[in-house]
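Please look through the structure below before reading on. The paragraphs after it take one part at a time.

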Amino acid sequence: MTKLLVTGGAGFIGANFVHYTLQNRPEYEVTVIDKLTYAGNLDSLNSVLDRINFVTGDICDRELMDKLVSETDIVVHFAAESHNDNSLRDPWPFLQTNLIGTAAILEAIRKHGKRLHHISTDEVYGDLELDDPAKFTPDTPYNASSPYSSTKAGSDLLVKAWVRSFGIHATISNCSNNYGSYQHIEKFIPRQITNILSDISPKLYGAGENVRDWIHVDDHNSAVHAIIDKGRSGEVYLIGADGEENNKYVLETILELMGKEKDAYEHVNDRPGHDMRYAIDATKLREELGWTPKYTNLREGLQATIDWYRQNDEWWKNEKAKVEAKYAEQGQ
Ligand code: NAD
Ligand code: DAU
């Protein structure tokens, strides 16, 4: 058995990673460490709690991370403050968790000689113009825009520095926008689905022309496993499934799939500094590691996601009023 320590395993992608690993990779023994912030939800792991070790704790706690890392073989590091809008309201938790937390993990990895896979985002590269034929590659210079993305960029640089200075065994992946089940309802797609289910008008920032490169969360996680299996130490892999669409199209598709008029939404205040477009060139991942995505039909993926939120209102409904009250303060 290989021991896997998953940080942030009660969050959206981390919880899906735990489920994916238990279903597809029985050779792993899984421990999760999660602080259970507003974004962490133990209910996302309810059905597998008897098959994993769950530790409630903070990745910034150096003593705890030292102990947990000493007891594992590989760390997969998802834990982060992850929402751009929150980082514009209050950057401090982002600086603490994304930078200090990652440093605490790196020091434990260095001391105990273990393997790290660091989960990061395409937002570290800044944004692209709508008509730019370019996509992000591992050679694109870092140019992050928000407190969230700049702390993720900083965490990537910490990992690179620990690789170069101390020779730790680490890989990094930068992925595009994920969607699927268990995503917090502050995020674009689940916010709109749960708005419609709650008879609240969906909310589009600005004109809705901003483009995101959507990928199903299981495709992200299969790529993470490919990197853990075959990725070269010190390398960066970009994860994306050629899913570029603008926000207006995504919202109109959700409305249509839920039997509503395509224009039944409101335009609200735009996000300050709003990145225009993200796009991933995943050639290295595809060619070097032989990875291919499975869920490339966004319409079908959105339908399955809508069905999941419809069938699991217990999972999200207690959060809804709180999330919308926070957005309302900013006219969003
Ligand atoms: P999320 O906000 O849904 O989950 C984050 C999890 O981390 C939560 O369970 C939270 O409780 C936990 N956490 C936060 N601070 C912690 C701390 N100090 N100690 C321990 N646990 C803590 O985030 P997500 O969308 O699942 O993103 C996971 C990772 O993937 C992040 O690193 C994010 O930057 C990256 N990423 C996300 C996307 C996306 O589209 N969501 C895309 C690319 C990369
Ligand atoms: O690209 C990867 C990143 O994707 C991850 O690193 C982040 O953790 C993740 O949150 C996501 O960031 P975005 O800012 O792109 O995602 P968000 O869901 O917040 O917004 C997606 C787009 O939708 C963005 O252009 C803003 C817009 N939006 C968002 C909300 C919440 C709206 O138009 N209306 C909304 O209500």
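Helices (H or I, at least four residues) and strands (E, at least two) are DSSP runs, numbered from the N terminus. This is a predicted model, in which local features need pLDDT of at least 70, side-chain atom pairs count only at pLDDT 80 or more, and totals for chains, interfaces and linings use all residues. Residues are numbered from 1 along each chain as its sequence is written, chains are lettered from A and ligands numbered from 1 in the order in which they are written, and side-chain values use heavy atoms, with hydrogens and water left out.

One place to begin is R271, in the loop that runs between β13 (266-268) and α9. Buried means under 20% relative accessible area, exposed over 50%, and partly exposed in between (1.4 Å probe, protein chains only). R271 counts as buried because its relative accessibility is 15%. Its side chain makes a polar contact with the side chain of D85, at 2.7 Å. A polar contact is a pair of N or O atoms within 3.5 Å; within protein, one must be able to donate a hydrogen and the other to accept it, and residues adjacent in sequence count only if both atoms are side-chain atoms. Contact in general means heavy atoms within 4.5 Å. Beyond its neighbours within four places in sequence, R271 is in contact with H83, N84, D85, L88, Y205, R212 and Q332.

Next come the nonpolar cores. In soluble globular proteins, nonpolar side chains tend to be buried together. A nonpolar core is a set of buried Ala, Val, Leu, Ile, Met, Phe, Trp, Tyr and Cys residues joined through side-chain atoms within 4.5 Å. The largest one here has 32 residues, and F17, V18, V30, L45, V76, I239 and L285 have the most contacts inside it. Two or more of its residues come from each of β1 (2-7), α1 (12-24), β2 (28-34), β4 (74-77), α7 (217-230), β11 (236-239) and α9 (283-289). The largest share, six residues, is from α1. Apart from neighbours within four places in sequence, F17 is in contact with L4, V6, V76, F78, N221, V224, H225 and I228. A second, separate core has 30 residues, including I59, V75, L116 and W162.

Helix α6 (residues 188-197) is mostly covered, with eight of its 10 residues buried. Among these are I189, P190, R191 and Q192. The cover over the buried residues of α6 includes β7 (178-179), β8 (203-205), α8 (247-257), α10 and α11. Just after α6, D199 takes a positive phi of about 60°.

On a 1 Å grid over the protein atoms alone, a cavity is a set of points where a 1.4 Å probe fits but cannot get out, and a pocket is an open set with protein on both sides within 12 Å along at least five of seven lines; lining residues have an atom within 4 Å of a point. The second largest pocket is lined by 19 residues, of which N16, S181, H216, D218 and Y295 lie nearest its centre. Helix α1 gives the most to this lining, with five residues. The largest cavity is lined by N86, R89, E186, V323, K326 and Y327, and α11 supplies the largest share of that lining, three residues.
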